[in-house]
Amino acid sequence: MSTNPESLLPFDGVSSGTLRALAAAVRNGSLRPPINTFTLSMVCACPPTLAAGLQTLSEQGMAPAHLALLLETAAAVTDARLAHATAGELVWTGPESVVSHSRDTAVVVSELFARATRSVLVSTFVIQQGRQVFGPLAGRMDEVAGLSVRLFLHVGRDWKDTREESELLRGFADDFASIWPSARRPQIFYDPRSLSTDPTVRASWHAKCVVIDDEEAFVTSANFTEWAQQRNVEAGVLVRSSHFARQLRAQFDGLVQAKAVRRLPGF
């Protein structure tokens, strides 16, 4: 007979990110018996009821591996509950209050990529740790041969950089190719205004969103960097609406058709 983790721990109102942080601390040994309010506070903000439950289970002799598994299961249950509760949900990165009803940015992005079957559209301003943050997407491209992936990225020019546009594009393409974790490449588009030498024309590609299969759309303040997805304070919303997803994707399609954005050579 299976046991609902909620019957062992009062985790209602605790975010899956907090539960996973506690599980990780138990697994890596930074949170070990005796577990109490003080040791928990060294990991994250933990509601008093959950802290009391963890302390009780620790005092009763629950093995750390089992406690970590329980916390991970509770996180999965929390995510599933939120996923089915509403057409839109809060996605958050950074410090949380004791009670939170949000999901973790990095987890949501990875899950979106993992269930894509037809198309993925990603728009972002800054990319760092590209192999890490795009690893799940590249892996999904390898798994699903027909998956169409388009990235809309900022290809910029430094303030006093006077190099030819072709040189800047070649340098960006070479750098991106070096961090892309798969032989199969996505299509990449950029806004040519970002490379203008005229400061009155120059613009930044600042939109940050993900659209999956014309079914789900994630709009967020978070860039595709390890900091943005795991450390910064970032807020976003995951919308499960085919109407909204198609509407957002159509905005990008219109830019491509109007040639307001261009394909990056080599991608």
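The dialogue below takes some labels used for this predicted model and sets each against its definition.

Trainee: What should I keep in mind about the model before we start?

Mentor: The model is predicted, so local features need pLDDT of at least 70 and side-chain atom pairs count only at pLDDT 80 or more, while totals for chains, interfaces and linings use all residues. Residues are numbered from 1 along each chain as its sequence is written, and side-chain values use heavy atoms, with hydrogens and water left out.

Trainee: How do you know how many helices and strands the protein chain has?

Mentor: Helices (H or I, at least four residues) and strands (E, at least two) are DSSP runs numbered from the N terminus, and on that basis the protein chain has ten helices and nine strands.

Trainee: What makes the span of α10 close to the expected one?

Mentor: The expected span of a helix is 1.5 Å times one less than its number of residues. Helix α10, residues 242-257, has 16 residues and reaches 22 Å from its first C-alpha to its last, close to the 22 Å expected. After α10 comes K259, which has a positive phi near 60 degrees.

Trainee: Why is D161 called buried?

Mentor: Buried means under 20% relative accessible area, exposed over 50% and partly exposed in between (1.4 Å probe, protein chains only). D161 has a relative accessible area of 15%, and therefore counts as buried. D161 is found in the loop between β4 and α8.

Trainee: What makes the pair of D161 and R163 a polar contact?

Mentor: A polar contact is a pair of N or O atoms within 3.5 Å, where, within protein, one must be able to donate a hydrogen and the other to accept it, and residues adjacent in sequence count only if both atoms are side-chain atoms. The side chains of D161 and R163 make such a contact at 2.8 Å.

Trainee: Why does E216 count as buried, and with which side chain does the side chain of E216 make a polar contact?

Mentor: E216 counts as buried because its relative accessibility is 11%, and its side chain makes a polar contact with the side chain of R115 at 2.8 Å. E216 is found in strand β7, which is mostly covered, with four of its five residues buried.

Trainee: How do you know which residues E216 touches?

Mentor: Contact means heavy atoms within 4.5 Å. Not counting residues up to four places away in sequence, E216 touches L112, R115, V210, V211, V239, R240 and A245. A245 is also one of the buried residues of α10, and the buried residues of α10 pack against β3 (119-124), β4 (148-153), β6 (209-212) and β7 (216-220).

Trainee: What makes β6 and β7 a pair of strands?

Mentor: Two strands pair if DSSP finds at least two bridges between them, and four bridges join β6 to β7, which run antiparallel. In this pairing I212 stands opposite E216, and in the hairpin of the two strands, with three residues between them, D213 takes a positive phi near 55 degrees. β7 also pairs with β8 (residues 234-239) in the antiparallel sense over four bridges, with A217 opposite V239.

Trainee: What makes a set of residues a nonpolar core, and which members of the largest core touch the most others?

Mentor: A nonpolar core is a set of buried Ala, Val, Leu, Ile, Met, Phe, Trp, Tyr and Cys residues joined through side-chain atoms within 4.5 Å. The largest has 34 residues, of which F113, V120, V122, F134, L137 and L151 touch the most other members. Apart from this core lies another, of 23 residues, among them L19, A23, I35 and A51.

Trainee: Why does F267 count as buried, and where is F267 found?

Mentor: F267 counts as buried because its relative accessibility is 5%, and F267 is found in the segment after β9 (262-263). Among the residues that F267 touches are A173, F176 and I188.
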